[in-house]
Amino acid sequence: MDCIFCKIISGEIPSKKAYEDDKIVAFYDIAPQAPVHIVIIPKEHIESMNGITTENSSVVSHIFEVIPKIAAENNLGDGYRVVSNCGANGGQTVFHLHFHLLGGKALDTTMA
Ligand code: AMP
Ligand code: ZN
């Protein structure tokens, strides 16, 4: 499968990791849109938000349990934003489910 995030998981494409465990990986975005911009992904290939099912959804709650820890380790105590783009109109460019963790400044209040 030609998925760049699966290649990051396997190590075929290098990345700067912010966190890793048996279920998920977090790495620094290659084109950061905020002073801190981390991408958090499940190790299981799920195409997008639309691919979340009863069988695989526990990894999503796991991601959200770990996000505060990653945020704290990256000095985001003043707050942060989590974004998941879904599909073409949602701005998704990599079709492996991921959550953007953005912070390090007061973010724009517009979201669309
Ligand atoms: P999205 O547009 O929501 O699908 O987000 C995909 C994100 O992946 C973008 O913010 C890209 O900058 C980021 N990205 C793409 N390739 C890499 C890579 N090799 N290492 C780190 N981040 C990447
Ligand atoms: Zn993938």
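**Figure 1. Helix 1 in the shell around ligand 1.** Helix 1 gives three residues, the largest share of the shell around ligand 1. Helices are DSSP runs of H or I with at least four residues, strands are runs of E with at least two, and both are numbered from the N terminus. This is a predicted model: local features need pLDDT of at least 70, side-chain atom pairs count only at pLDDT 80 or more, and totals for chains, interfaces and linings use all residues. Residues are numbered from 1 along each chain as its sequence is written, chains are lettered from A and ligands numbered from 1 in the order written, and side-chain values use heavy atoms, without hydrogens and water.

Figure 2. A polar contact here is a pair of N or O atoms within 3.5 Å. The side chain of Asp-29 places an N or O atom 2.5 Å from an oxygen atom of ligand 1. A backbone N or O atom of Ile-30 is 3.1 Å from a ligand 1 nitrogen atom. For Val-94, a backbone N or O atom lies 3.0 Å from an oxygen atom of ligand 1. Taken alone, ligand 1 exposes 500 Å², and the protein buries 85% of that (Shrake-Rupley method, 1.4 Å probe).

**Figure 3. Residue classes around ligand 1.** The shell has nine nonpolar, six polar and one charged residues. Asp, Glu, Lys and Arg count as charged; Ala, Val, Leu, Ile, Met, Phe, Trp, Tyr, Cys and Pro as nonpolar; the others, Gly among them, as polar.

Note on methods
A polar contact is a pair of N or O atoms within 3.5 Å; within protein, one must be able to donate a hydrogen and the other to accept it, and residues adjacent in sequence count only if both atoms are side-chain atoms.
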